[in-house]
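Please walk through this model with me, one element at a time. Keep the sequence and the 3D view side by side.

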Amino acid sequence: MQRGSDRLSVHRDEEMKHELQGLLRSGHPTRTEEWYDPEPVADDDPAVWRGAVVPGDSRTALEAARLELARYLGRSNFPATPSHLARVLRSKNAPDPLLEAVERLPRPARYANAEALAEAVARS
């Protein structure tokens, strides 16, 4: 017995159950919901999704290092020494491998911009 407080009628409720039946049984999106599927990764996207830049790793490239550093450092952080940049990265909860890579850079060095820092991190 319907009490009148439902937003949908019994007939509409049954119709919606029928529409969702394919999705619930299959466990994957049905053809009618292609718009909801995530887009595939482009071929020229950098490999940032693999995680932090790890020094000495063959996957480490200048582009990936630059993008990873750009997540945490802004223009106002430069020019700076590695110890200052490490403090900024620590305060912004940067991944440990990235933080350790910056901490291992030579102490007297001073980086004018993110590009110079990315080159040093990618080389280390």
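Axes are lines fitted to C-alpha atoms, for helices over the stretch in contact, and angles run from 0 to 180 degrees between N-to-C directions. Two packed helices are described by the angle between their axes and the distance between the axes.

The model is predicted: local features need pLDDT of at least 70, side-chain atom pairs count only at pLDDT 80 or more, and totals for chains, interfaces and linings use all residues. Residues are numbered from 1 along each chain as its sequence is written, and side-chain values use heavy atoms, with hydrogens and water left out.

Start with the layout. The chain has 5 helices and 0 strands. Helices (H or I, at least four residues) and strands (E, at least two) are DSSP runs, numbered from the N terminus. Along the sequence the pattern reads α-α-α-α-α. Of the 124 residues, 24% count as buried. Buried means under 20% relative accessible area, exposed over 50%, and partly exposed in between (1.4 Å probe, protein chains only). Contact means heavy atoms within 4.5 Å. Among contacts with a separation of 6 or more, 48% join residues 24 or more positions apart.

Now the core. A nonpolar core is a set of buried Ala, Val, Leu, Ile, Met, Phe, Trp, Tyr and Cys residues joined through side-chain atoms within 4.5 Å. The largest one here has 22 residues. Leu69, Leu73, Leu85, Leu89, Tyr111 and Leu117 have the most contacts inside it. Two or more residues come from each of α2 (62-70), α3 (82-91), α4 (96-103) and α5 (114-123).

Take α2 next. Its buried residues are Ala64, Ala65, Glu68 and Leu69. They fall within an arc of 130° seen down the axis of α2, so they line one face of the helix. The arc is that of the directions from the helix axis to the C-beta atoms. These buried residues pack against α4 and α5. Leu69 shows both partners. Beyond four places in sequence, Leu69 touches Leu98, Val102, Leu117, Ala118 and Val121.

How do α2 and α5 cross? Their axes come within 8 Å and cross at roughly 125°. That makes α2 oblique to α5. Angles under 35 degrees count as roughly parallel, over 145 as roughly antiparallel, 65 to 115 as roughly perpendicular and the rest as oblique. From α2, the contact uses Leu62, Ala65, Arg66 and Leu69. From α5, it uses Glu115, Leu117, Ala118, Glu119, Val121 and Ala122. The crossing of α2 past α5 is right-handed. A crossing is left-handed if the near helix is turned anticlockwise from the far one by less than a right angle, and right-handed if clockwise.

Between α2 and α3 lies a loop that holds Pro79. The peptide bond from Phe78 to Pro79 is cis, with omega near -5°. Most residues other than glycine have a negative phi, and most peptide bonds are trans. Setting aside neighbours within four places in sequence, Pro79 contacts Arg110, Tyr111 and Ala112. Pro79 and Ala114 are 35 residues apart in sequence, yet 8.9 Å apart in space, C-alpha to C-alpha.

Move on to α3. Pro82, Leu85, Ala86, Val88 and Leu89 are buried in α3. They cover an arc of only 160° around the axis, which puts them on the same side of α3. The face turned away from that buried side carries the exposed residues Arg87 and Ser91. The cover over the buried residues of α3 includes α4 and α5.

The axes of α3 and α4 come within 8 Å and cross at roughly 165°. That makes α3 roughly antiparallel to α4. The crossing is left-handed. Here Pro82, Leu85, Ala86, Leu89 and Arg90 of α3 meet Leu98, Leu99, Val102 and Glu103 of α4.

Two loop residues remain. Asn93 has a positive phi of about 60° although it is not a glycine. Leu105 sits in the loop between α4 and α5. Leu105 is buried, with a relative accessible area of 5%. Leu105 and Ser124 are 19 residues apart in sequence and 7.6 Å apart in space, C-alpha to C-alpha.
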